[in-house]
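Me: Hi! I have a structure open and would like to talk it through with you. Could you take a look with me?

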Amino acid sequence: MKGLALGVLGIALSYGVAFLPGRAVLLAPWLMVAGIVVVLLSLIVLGVRRPGRRLPKAVLAAMGLLLLVVAGGFTAALLLPGEGTSSPLWLGLPRRAALLVYGIGVVPALVLPICYAWSFESAVLNRADLEKLRSELAALDSRRDERAT
Amino acid sequence: MILQAAAIPVLRQPAILTVAVGYALITAAIGAWGWWRTRSAGDFFVAGRRLGPFTLALAAMAAALSGFTFIGGPGLLYSVGLGALLIFLPASITNCLSAWVLAKRLRLLAEARGVITIPEAIGARYRSRAAQALAAMAILVAIVGYLATNLLALGLVIDALFGTGRSLGIWIGTAAVLAYSAGGGILAGVYTDVFQGCVMALASVLVFLAALRAGGGLAEISKIILAKEPGFLGPWGTLTPLAGLSFFFVFGVGVLGQPHVLHKFFMVKDPLRLRWYPLLMTSAMLLTLLLMFGVGLTIKAKVVSGELPPLARPDDATPVFLLRFASPLLAGILFAGVAAAIMSTVNSFLNIGAAALVRDLPRALSRSLGGGAELARGRLATLAIGAAAALVAQASGTLVALLGVFGWGLFASTLVPALAIGFSWKGGTRAGALASIAVGLLVTLGGETLAFLGAFRLPSGMTVSGASLLLALATYLIVSQISRRSDPDVDPDVRLVMES
């Protein structure tokens, strides 16, 4: 939760700094990029984390990839020089656009769903956990029924 | 998100009309089958909880992507450059994100509690009828705008195909969607969505390939544009970096609050089959998004090279491409895809709107209806919402445009904190949920209206919906911390679902 709060704070600061005059506004995109990355990673941790269990390696790998492509792609877009009339093309697009389109738009689409499916039983749900949950829910139901009668 | 609001160039050619009629007949047949199979409120609102991963993914994709993907999207790319992609790039991440954060928990909550709507899930999480009612009201406000813009776009497509005029086109389109939405509810909806999703993906891939061929390949298209307008192919296009990033934030995180997509998780037959949902959904989405990229860039290259005159309106990009560079058969498939995208989204909104009216609001007021009454009233509510939205769609373009602005941002700001964070964090409280939904509702409605009227503008083109999502998130976190007690607002069965 601290990560999520920190990410939200980063994006909020970005919105705030954008109102400032002068060169301070140059900070705003960096705060926004940092905030977005931290919010996305925190949401994954919140979603996957379960009491008494570590995050599976496939999920950690997915988070590492996400950090690399989102932070790296936006950093490249912000830092690299702009396009000219004779800019070299990477896979048919100028360099910065290619990093963004293929890096953020395609690479995670190819890798994250595989990581999700790969780690499904350890990170999301397996048959044993499902049956345990169903029996615990049934026990709760019967206790509730006993109290009602 | 504003859809097509101005007339589409006339498309009355035999091949186009044949494909359009064929599409309508198949949709009608599937809808009639769904109607015949619908026997209970459970069938009507959650398709009897029978969906497999393939059906889930295609239905969710068809509901998530409206006609904007095929008409407004290429137009936006044509007008602001590659920065427009920042709305769609999060799709590579968001399906996994929603699966990790919400899919399993919503499906298991449906099993534990018989929950069938998103507001009901929020009510169960916080033991709060007020939170359920507030979430239902936020959904109703958002869908009126979404539905009106989609029905207007559908009316314009029908007018372009059959020359009905805009007004009659809206009524014909509304009647067509209502025919299966009111009869078969979401059961008819998801199976028509599967067909419609296939048509959308097929149309997108074929048009993308045709666009690349017409432009001489992606590298050639880029060289032509770079020679005249290099900034267009920059990562932000003509947007500022902050504007582009705020789009990425709203569409990346806001996906966790889109009820017409999340609602589908309640319908899965076996929660263990959710394993393949992100793979199938992401693949289907990426294929369907290819069109906007290909058509937007190709038309821009044709215009800067002088082969085409500048477009009168950016939204003409797809129709102009089809009329100039595609065969009539391909144009027919694409317009079937546009109609499919609109109708599948409309059906989903009608269904969640009807559920809010006949299930969430009465239950929040302690007036639960029986299963039979819920089904009958669900059908009536679907008709009423559809008719109301069609009436709004007939109104002035300004009103429809204003309502269309709300949709995504309103869902995001009102539902992401209470739902996505709330189901992952036991520290979230009832007060936090109520405050965040109220703040999201007020800030989005007020802020977007003022911005639309030109009363204020955020610096560097940053989005109001991003600011409202941010404020709602901050409100949820802060109010939950302040109101946190030793005994959190979570029932034991809901806690088990959250910890599973």
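**A chat about the model**

Reply: Happy to! Ala34(A) lies in helix H2 (residues 27–48) of chain A; helices here are DSSP runs of H or I with at least four residues, strands are runs of E with at least two, and both are numbered from the N terminus. This is a predicted model, where local features need pLDDT of at least 70, side-chain atom pairs count only at pLDDT 80 or more, and totals for chains, interfaces and linings use all residues. Residues are numbered from 1 along each chain as its sequence is written, chains are lettered from A and ligands numbered from 1 in the order in which they are written, and side-chain values use heavy atoms, with hydrogens and water left out.

Me: Which residues form a nonpolar patch on the surface?

Reply: Val106(A), Val107(A), Leu110(A) and Val111(A), with about 270 Å² of accessible area together. Patches are made of residues with over 30% relative accessible area and no salt bridge, joining like charges within 9 Å and nonpolar side chains (Val, Leu, Ile, Met, Phe, Trp, Tyr) within 5 Å. The areas come from the Shrake-Rupley method with a 1.4 Å probe, and for residues only the protein chains shown count as cover.

Me: Where does Leu110(A) lie, and why does it count as exposed?

Reply: Leu110(A) is in helix H4 (residues 95–118) of chain A. It counts as exposed because its relative accessibility is 57%.

Me: Now the inside. How many residues has the largest nonpolar core?

Reply: It has 238 residues, and those with the most contacts inside it are Phe74(A), Phe248(B), Tyr277(B), Leu297(B) and Ile299(B). Helix H14 (residues 328–364) of chain B gives the most to this core, with 22 residues. A nonpolar core is a set of buried Ala, Val, Leu, Ile, Met, Phe, Trp, Tyr and Cys residues joined through side-chain atoms within 4.5 Å.

Me: And what is Leu297(B) in contact with?

Reply: Leaving aside neighbours within four places in sequence, Leu297(B) contacts Leu77(B), Leu82(B), Leu218(B), Ile221(B), Ile225(B), Phe232(B) and Leu233(B). Contact means heavy atoms within 4.5 Å.

Me: On to charges. How many salt bridges are there over all chains?

Reply: A search of the whole structure finds 16, a salt bridge being a side-chain nitrogen of Lys or Arg within 4 Å of a carboxyl oxygen of Asp or Glu. One joins Glu136(A) to Lys132(A), with the closest N and O atoms 3.9 Å apart. Both residues lie in helix H6 (residues 127–148) of chain A, four residues apart, about one turn of the helix.

Me: Which residue meets Lys300(B) in a salt bridge?

Reply: Glu229(B), at 3.3 Å from N to O. This pair links distant parts of the chain, 71 residues apart: Lys300(B) is in helix H12 (residues 277–304) of chain B, and Glu229(B) is in the loop between helix H9 (218–228) and helix H10 (241–253) of chain B. Lys300(B) counts as buried because its relative accessibility is 9%, while Glu229(B) is partly exposed at 32%.

Definitions and conventions:
Buried means under 20% relative accessible area, exposed over 50%, partly exposed in between (1.4 Å probe, protein chains only).
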